[in-house]
Amino acid sequence: MQAISSWGRLSAFPHEVISLSSPQQARRAITEHHPGIAHGMGRSYGDICLNPQGVLWNTLGLDHLIAFDEASGRLICEAGVVLRDIQHLMIPRGWILPVTPGTQLITVGGAIANDVHGKNHHVLGAFGDHILSLRLQRTDGRVIDCGPDLAPQWFAATVGGMGLTGVILQAEIQLRRVAGPWLDTEIVPYANLDEFFTLADESEAGWEHTVSWIDCICKGGGRGLFMRGNPCAETRPAPHAGHLGMPFVPPISLVNPLSLRPFNTAYFNLKKWQAGRSITHYEPFFYPLDNIQNWNRMYGPRGFFQYQSVVPRSNGREAVQAMLGEISRSGEGSFLAVLKTFGNRQAVGMMSFPQPGVTLALDFPNKGERTLKLFERLDAIVREAGGHLYLAKDARQPAELFRAGYPRLDEFLQYRDPGISSALSRRLMDY
Amino acid sequence: MTTQRILIIGATSAMAEHCARTWADRAAADTLALILVGRDLSRLDRVAADLHVRAPKVRVESIVSDFAKPEAIRATIDAIHAQGRIDVALIAHGLLPDQAQCQQDLTACAEALEVNGLSPVLFAEAIAGHMEKASHGTLAIIGSVAGDRGRKSNYVYGAAKGLVSRYAQGLQHRLASTQVKVVLIKPGPTDTPMTAHLKGAAKLTPVSDVAITIVKAIDAGKATVYAPGKWLIIMHIIRHIPAFIFNKINI
């Protein structure tokens with residue numbers, strides 16, 4: 001037994017960790033030792049990748065690339081391959097993962113199971129939009145190959161399926177042509193949500209990547225920095241990567257009411273001063289925190305929650321304003337706050353998070369009951385607006401909000417593997 | 001530019017595979033050939049396919065061999081050398097036995113000694129003859145910190161690795177007047193499938209870090225290298241603890 005935490009560090013329960021080292025051995029391990037749940041880099045924030053007192057199938061040994069077609073950009077690889085390795089290998093060869101989230105330190109299997117999205121959702125959708133096929137190992141020994149055209153129902157259940165339809169062994173990914181590692185980027189400060197939405201709308205046509213940092217605390221929240229970027233053909237040498245890290249867990253959260261307001265003000269004004277166009281390397285632009293090892297430790301020994309919701313565009317402005325109001329009043333929150341619009345696209349997965357609308361993501365240091373009470377007030381706003389919460393981030397939402405927010409749940413449940421169970425699946429789906 | 005030929009025995013071991021990836025990553029076009037020797041063709045093919053995607057210009061060849069029979073080892077190594085001289089050979093196979101089982105079951109004990117001790121030495125001996133004749137090449141063997149001092153929790157494995165250490169020492173002596181370098185690598189506990197059941201017991205070193213240490217040691221032709229380097233100090237202390245104290249410690 002081994003104590004395992006997810007990225008939020010909210011718990012550290014013992015798990016029986018079984019390493020998967022080859023497809024053949026994985027088949028034996030999965031059929032002989034279950035119920036369990038697949039676990040890759042452990043970067044999801046809540047309990048989706050945990051199974052306290054039970055089995056975790058660690059997929060990091062399934063890290064082999066299988067085939068790559070240089071002409072078409074199709075890559076077949078095992079599910080434990082980390083996105084960073086694909087980027088490092090393929091970008092110099094003119095290919096890039098079409099969609100990556102705010103960290104590249106996740107596995108292909110995890111990216112599919114959470115149907116992760118990036119800053120270019122309005123152009124390219126989510127990770128699952130670029131999966132041509134995948135292979136599932138069921139705990140009864142059956143192997144299922146599926147894709148958009150092959151057993152499409154299995155595919156739709158597995159993309160965003162929380163790892164509950166089987167263990168993903170391998171996948172075929174359609175990479176995308178890229179000129180190099182550089183982006184033409186721009187930072188535009190905005191004063192309120194109206195300005196944010198105007199910027200988001202006018203950037204949709206001309207900019208592939210859009211995201212914004214939002215100050216969740218200042219005057220009811222709403223000012224922020226809009227960041228947008230396009231790939232470009234710049235050929236300067238790669239910058240030297242920094243190696244910062246949090247070497248230990250501080251006794252209290254470094255993010256607290258004393259530090260938050262001055263930090264946000266300083267950050268906003270510094271960036272406002274630096275606003276404008278520049279050429280930025282893809283790593284700091286896409287994955288700003290990846291160079292700070294163990295940054296999640298800054299929230300102290302009790303860990304942190306991330307609350308990420310999406311609400312439809314029709315009432316999105318009001319819902320976001322209401323949530324920021326609640327957060328600002330509570331004095332909670334963190335400088336890690338992101339506001340972004342999603343494109344008007346149908347998700348591939350039955351349980352995928354992205355939907356047309358606007359998504360707000362915020363970190364909260366865990367202060368127990370106080371934090372949970374605030375989430376209940378935020379839940380009410382999300383429920384009212386017809387939105388839902390991102391399962392990759394969730395550690396606490398009530399089952400009733402989950403059911404209301406994911407209308408294809410009953411359809412999805414038919415594809416679950418009875419030998420797979422996680423802390424999240426027991427919390428929200430009974431087993 | 002001539003092609004560098006690197007021979008890897010036990011190529012499906014995690015440590016060997018990460019060395020192969022390191023070599024493949026840094027190879028310029030058409031200048032590297034990797035010869036992978038293992039026991040199971042499908043597992044070798046998985047490694048070869050991965051290397052091919054990473055470095056399409058690197059030539060990768062898979063060869064299946066019996067690892068227990070001296071004549072099979074001789075035939076495999078002779079056939080490889082008949083294709084041309086080898087610049088680097090890495091002997092990397094091993095298996096971490098269950099010490100308690102070795103004490104109960106002499107077959108398991110014998111297998112652990114053969115796989116970790118006898119077999120690597122036979123491969124090394126076969127390769128050393130060719131390298132000596134050509135007066136060229138670097139022969140690297142993976143030992144272990146476990147071979148530095150026997151202790152109750154894994155002395156069968158330690159004894160086999162100790163055999164490898166002493167063998168490498170002798171081979172270094174024999175080849176000292178030639179251009180052939182013999183490199184003995186002693187990794188500490190490393191995060192690989194071989195140690196999967198140990199996880200949580202200790203902080204294990206990432207296998208990619210150990211691979212970088214191995215590749216650098218081979219480049220430099222160092223005689224003995226601990227991976228990571230801190231094990232040089234740790235093992236120096238452990239080797240020098242007097243027996244009357246050591247025998248009371250539970251390690």
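Two residues are in contact here if their C-beta atoms, placed from the backbone, lie within 7 Å. On that basis, take the contacts in chain A between residues at least 6 apart in sequence: 74% of them join residues at least 24 apart.

Some ground rules. This is a predicted model, where local features need pLDDT of at least 70, side-chain atom pairs count only at pLDDT 80 or more, and totals for chains, interfaces and linings use all residues. Residues are numbered from 1 along each chain as its sequence is written, with chains lettered from A and ligands numbered from 1 in the order in which they are written.

Chain A, then. Of its 431 residues, 50% count as buried, that is, with 20 or more other C-beta atoms, placed from the backbone, within 10 Å of their own. The C-alpha trace of chain A spans about 55 × 50 × 45 Å along its principal axes. Chain A contains 13 helices and 21 strands; these are DSSP runs numbered from the N terminus, H or I of at least four residues for helices, E of at least two for strands.

Now the interface. Chain A puts 12 residues into the contact and chain B 10 residues. On the side of chain A that touches chain B, strand 2 (13-19) and strand 5 (65-69) each supply at least two residues. Strand 5 of chain A gives the most, with 4 residues.

Last, chain B. Helix 1 (residues 14-26) and helix 2 (residues 41-54) of chain B have axes 10 Å apart. Here E17(B), A20(B), R21(B), A24(B) and D25(B) in helix 1 meet V47(B), L51(B) and R54(B) in helix 2.

Terms used. Axes fitted to C-alpha atoms, helices over the stretch in contact; angles between N-to-C directions. Buried ≥ 20, exposed ≤ 12 C-beta atoms within 10 Å, placed from the backbone.
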